[in-house]
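Me: I have a structure here that is new to me. Can you walk me through it?

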Amino acid sequence: MMRSLIKVLASVGVGLCLTSCVQMTKGLKAAKLGGLAGDAVAVSEKFQQCDKLETPPAITEEYALGSALAIRWVQQGGGLMLSGASEQQLNTYVNTVGRNLAMQSPRPTLRWTFGVLEDARNFNAVSAPGGYVFVTRKLLQGVENEGQLAGVLAHEIAHIALKHALSQYATVKVRECRGDAVVSTATARLRSASNSNGLLDLDADTDLLGTLADSTIEELRKGNSKDQELAADRLAVELMLSAGYDPGAYQQLLDKMPEGDGGAVNHPEKQERMEEITAFLRELKDSGDSFVALSPGSLHNPALPASFSVVKATGVAKDTK
């Protein structure tokens, strides 16, 4: 009898143990899954917070970023052509043409600033938020009249007016905020900003400004998207017409541009750009837009001033790698 009871108790004990172990295992699995789910929710919430950094920046943030990017463009372009009287006259002339075009843009009140980079190797023009536009010495060596200069300046003005660089800047901010491998000081500050309104005071945080400027420059080196380039060309045509220039001059300059110059792999081919400009001009004419009131005789492409000859002066070009 005693042995039978012991066997029953032993059997029950094993059964209880098995039941308890199964329940414990289920509990551990549930706890683990719950922990993973909690982690996933935390990551999702963090990403959602970072998305707030896509908020369009205040004008003070745009100026701070633009100033930092402009400094980097100048450094990478070998400096500005400002050393002599002729170069200063050239700079004044480029600013006069550029600001006249900028006044026709959707953002005429920006502090527009134009300059010529010493770069004698790259046929290129660059811009930065806040109204900074630079053209290289190499590009100006290919310019034959003011209309061609106006075309390239109008294109860069259009990028700024359409806020293309700010779009890439927003991408950089969100990416830096979401970074997990190494939570840098910049990442921590961006996450802090994302907990509020997503706006940054870059003037008060120069370290963060430097980090974001460097990352944005790397994005800009890849070039704008095809759609952004074509949109900038269309707005450039409108600005040229508003200022009285013949858009055909811009097409002539594009035709001189080396394919793939500057390594901007996203750029459409120049032939496509010229064809799109022709189609856009036809569209403007057929739409009855006010631009059609401009007769061919009213459009002009003035000759370049004597100071422009300084861009072709011989000398040792600075390294602009």
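Reply: Start with Glu-62, which counts as buried because its relative accessibility is 3%. Buried means under 20% relative accessible area, exposed over 50%, and partly exposed in between, with a 1.4 Å probe and protein chains only. This is a predicted model, where local features need pLDDT of at least 70, side-chain atom pairs count only at pLDDT 80 or more, and totals for chains, interfaces and linings use all residues. Residues are numbered from 1 along each chain as its sequence is written, and side-chain values use heavy atoms, with hydrogens and water left out.

Me: Where does Glu-62 lie?

Reply: In helix H2, residues 59-76. Helices (H or I, at least four residues) and strands (E, at least two) are DSSP runs, numbered from the N terminus.

Me: And what does Glu-62 touch?

Reply: Leaving out residues up to four places away in sequence, Glu-62 touches Pro-57, Arg-107, Leu-110, Pro-129, Gly-130 and Leu-166. Contact means heavy atoms within 4.5 Å.

Me: Where is Gly-130?

Reply: Gly-130 is in the turn of a hairpin formed by S2 and S3, with 3 residues between the strands. Gly-130 has a positive phi of about 90° there.

Me: How do S2 and S3 pair?

Reply: Strand S2 (residues 125-128) pairs with S3 in the antiparallel sense, over 4 bridges. Two strands pair if DSSP finds at least two bridges between them. Ala-125, for example, has Val-135 in S3 as its bridge partner.

Me: Which way does S1 run against S3, parallel or antiparallel?

Reply: Parallel, with 5 bridges joining strand S1 (residues 113-117) to S3. Gly-115 has Phe-134 in S3 as its bridge partner.

Me: Why is S3 called largely enclosed?

Reply: Because 5 of the 5 residues of S3 (residues 132-136) are buried, the strand is largely enclosed by the rest of the structure. In a regular strand the side chains alternate between the two faces of the sheet. In S3 both faces are covered: Tyr-132, Phe-134 and Thr-136 are buried on one side, Val-133 and Val-135 on the other.

Me: New topic. How many aromatic pairs are there?

Reply: A search of the whole structure finds 2. In one, the rings of Tyr-93 and Phe-308 have centres 6.2 Å apart and planes at 90°, so the pair is edge-to-face. Rings of Phe, Tyr and Trp (its six-membered ring) pair if their centres lie within 6.5 Å; planes under 30 degrees apart count as stacked, over 60 as edge-to-face and the rest as tilted.

Me: Where in the chain do Tyr-93 and Phe-308 sit?

Reply: They are 215 residues apart, in distant parts of the chain: Tyr-93 is in helix H3 (residues 85-102), and Phe-308 is in the segment after helix H11 (270-287). Tyr-93 is buried at a relative accessible area of 14%, and Phe-308 is buried at 5%.

Me: What about Trp-112 and Phe-114?

Reply: Their ring centres are 6.3 Å apart and their planes at 15°, so that pair is stacked. Trp-112 and Phe-114 are both buried.

Me: Now helix H7. Which residues in it are buried?

Reply: In H7 (residues 185-194), the buried ones are Ala-186, Thr-187, Leu-190, Arg-191, Ala-193 and Ser-194. They cover an arc of only 160° around the axis, taken from the directions from the helix axis to the C-beta atoms, which puts them on the same side of H7.

Me: Last one, the whole chain. How many helices and strands?

Reply: The chain has 11 helices and 3 strands. Of its 321 residues, 45% count as buried.
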